[in-house]
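Student: Please show me the model, and let us go through the terms used to describe it.

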Amino acid sequence: MKQRLVYLAVLSLLLSTTTFAQENTNKSKFKQLGQELPTPNVYRTASGAPGHEYWQQQADYDIKIELDDEQQRISGEETITYYNNSPDDLNYLWLQLDQNIRAKDSDTKKITTNSVADKMSFRDLKKLHNNFDGGFKLEAVKDKAGKKLAYTVNKTMMRVDLPQTLKAGEKYVFKIKWWYHIQNRLKLGGRSGYEYFPDEDNYMYTIGQFFPRMAVYNEVEGWQHKQFLGRSEFALAFGDYKVAFTAPADHMVGATGTLQNPNEVLSAEQRSRLQKAKSADAPVMIVTEEEAREAEKNKSDRKKTWVFKAENVRDFAIASSRKFLWDAQGVKIGNKTVMAMSYYPKEGNPLWEKYSTKAVAHTLRSYSKYTFDYPYPKAISVHAANMGMEYPMICFNYGRPEADGTYNERTKYGMISVIIHEIGHNFFPMIVNSDERQWAWMDEGINSFLQFLTEQEWQANYPSRRGHAYKITDYMKGEKKNIVPIMTNPESIHQLGNNAYGKPATALNILRETVMGRELFDYALKEYSTRWMFKHPSPADFFRTMEDASGVDLDWFWRGWFYTTDHVDISLDKVNWFQLNSKDPDKNKVFTQQQAASKPAYISDIRNEKSQPERLVDKDESLKDFYNTYDPFAVSILDEIEYTKFISRLGEAELDIIEGNHNYYEITFKNNGGLIMPLVVEFEYVDGSKEVHRIPAEIWKYNDKIVRKIFVSEKEMVNISLDPFLETADVDVSNNYWPPRQTPSRFQVYKRRKWGSSENPMQRAKRAEEQLKKQKALDNGK
């Protein structure tokens, strides 16, 4: 019994200690990111830089592929040289078979959820009836000598079992042969595929993920072999590529890398135009629209092989079609000339010929300014309907005008923006090579932020979709069940665009404009970019570098914006206006009289004043005493003596304060959304002048729920605004004003339009011009 009592007492003590520890856990918004970030080591330092023993693997490829334009099929064989630069011995290698997402038994198809709520679109119905088989068909996996290797395909991943251990510092050479069917991208979706043009029975191919690719092996994840389900993109090793691509002889081909055999695949005129483009002030047509239209008319039965080489790239992609127009222009980046290029069918004009290559050139200049000089020899924008996808030196972008050549603003700016975004991906993640499979925001978010800066340098008031703080508020105040932290794997994110693109881009813009300032932020971002060029950074490397290079503690910011779903809703809860009691009896008399006079009159007093009822004290004088004639505002000699004594005890600085006639405003700020932010407060005075106070987020360090601060002013305030420039992503600005302000809105009366009756502004302008011509003709006839 005694033992049992002792046991219960110890258990009770342990439970109470645990409860006490839980209750006293540091829940401060300014708690350092200790547990969340990995421990620094010799590979990745506490400063966010690569460590003195940092290493990464390399994979070189020699690939021969052929495009079957009749069967829409890719067949290929590759020789991979894998360099084990790690300190580890490896018994097997992992490769990505991303095309297996198109296999009949794909997990992506199995896990796709559907529902019928009285109706379903034909697009969704067609997906249910989709029996397309686009997975890799592996014909051989052999070693350098041609001996078969044991391998296991696990859906979108393949393990190659090595005949003997690959020691640290060694390399291994092996070969793979494969083929697969190319999917109709407009029907089945995806990042790679073809678009069919029935009018002239032609195809336009935009081909990526077309070969088995080495998975990343590093000290962070080991082998990154998380299955490819469609959303989370790619983790790839750097290497050197030689690719020989065989296509119909009348196809024009654009690809990653430098063309090795221009004399064999380009005409003398095309080579001359390309040379001229290197020093041109505007894009030069390498293949004109007239030439492309002529090429569309017939199909060659001959073949050409285009050979490309690329050094230190993480991937390779190709565009091929007889429909392509092609233009190019040299862009000076640092001490080298980079070729900005565009490939597009006639259906892309007039937009593409006017804007695409200029958007490519602008992006290269802008991103190079904020990060590092673009190191590759070229950057290509390829027109592909309804998509945006990036690869080293080449990307596929939407933006197609109407059949009559007109377009609306959304199409124009959407096209320019997607080109900026996808060309920008050359920097993130093609060069700053983060793990897209695990952290989508590390390339999409940072890239979307730089896209915003680049768009704003294109023209004033560019209609950027993301970047401005106020544009993310609807998402951040949404239902929490549909929102997850930015630090979430892409496959588990409900709204990928808002979470991985919009929110991190907004967060970085807020850091730049409101928290750190442009100079500190720009320096830190450039430091991160140059530190991790051609390397594999992790989130911790980014967070730590931004702090290390700026000298700004940002743990509170990373925690709030990246690790939680809190939102910004800070209210200007209460304003108390004070003036100092100087104890000067003459001034106090005036003040108290004004205060008394300003009080509202009660209804009974008002009515009694009008009716003037007879009061008893007026009838009977004996009822009156001292208080009936006492003036509480009168200044007595005692008041003056006390004031003189008070003044005599004050120093010069204190007298200045007493005689300053200042206004004191005690403002209460309340954090309703949970996400702490700096306070940006604008004061408007009676004389019409304005003053802005910027208070760091550390004002919340002792109390992250409510804070009070006194502001001193010689002038009287008439308006106070919190976040007046919409820079903190405050989701509710209705509580940001004193006095409270009602924001008017309008509603519109409308009739529902019939389907097909809408027209874009260019079409409407043309119709108006035609109407004017008709009217003039009628007037002349009269």
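Tutor: We can start with Phe-122, which sits in helix H3, residues 122-128; helices here are DSSP runs of H or I with at least four residues, strands are runs of E with at least two, and both are numbered from the N terminus. The model is predicted, so local features need pLDDT of at least 70 and side-chain atom pairs pLDDT 80 or more, while totals for chains, interfaces and linings use all residues. Residues are numbered from 1 along each chain as its sequence is written, and side-chain values use heavy atoms, without hydrogens and water.

Student: Why is Phe-122 called exposed?

Tutor: Its relative accessible area is 67%. Exposed means over 50%, buried under 20%, and partly exposed in between, with a 1.4 Å probe and protein chains only. Phe-122 therefore counts as exposed.

Student: What makes Lys-323 and Glu-200 a salt bridge?

Tutor: The N to O distance is 2.4 Å, and the rule asks for a side-chain nitrogen of Lys or Arg within 4 Å of a carboxyl oxygen of Asp or Glu. Lys-323 lies in the loop between strands E18 and E19 and Glu-200 in the loop between strands E8 and E9, so the pair ties together parts that are 123 residues apart in sequence.

Student: Is Lys-323 buried or exposed?

Tutor: Lys-323 has 0% relative accessibility, so it counts as buried.

Student: What other salt bridge does Lys-323 form?

Tutor: Lys-323 also meets Glu-347, at 3.2 Å from N to O. Glu-347 has 23% relative accessibility and therefore counts as partly exposed.
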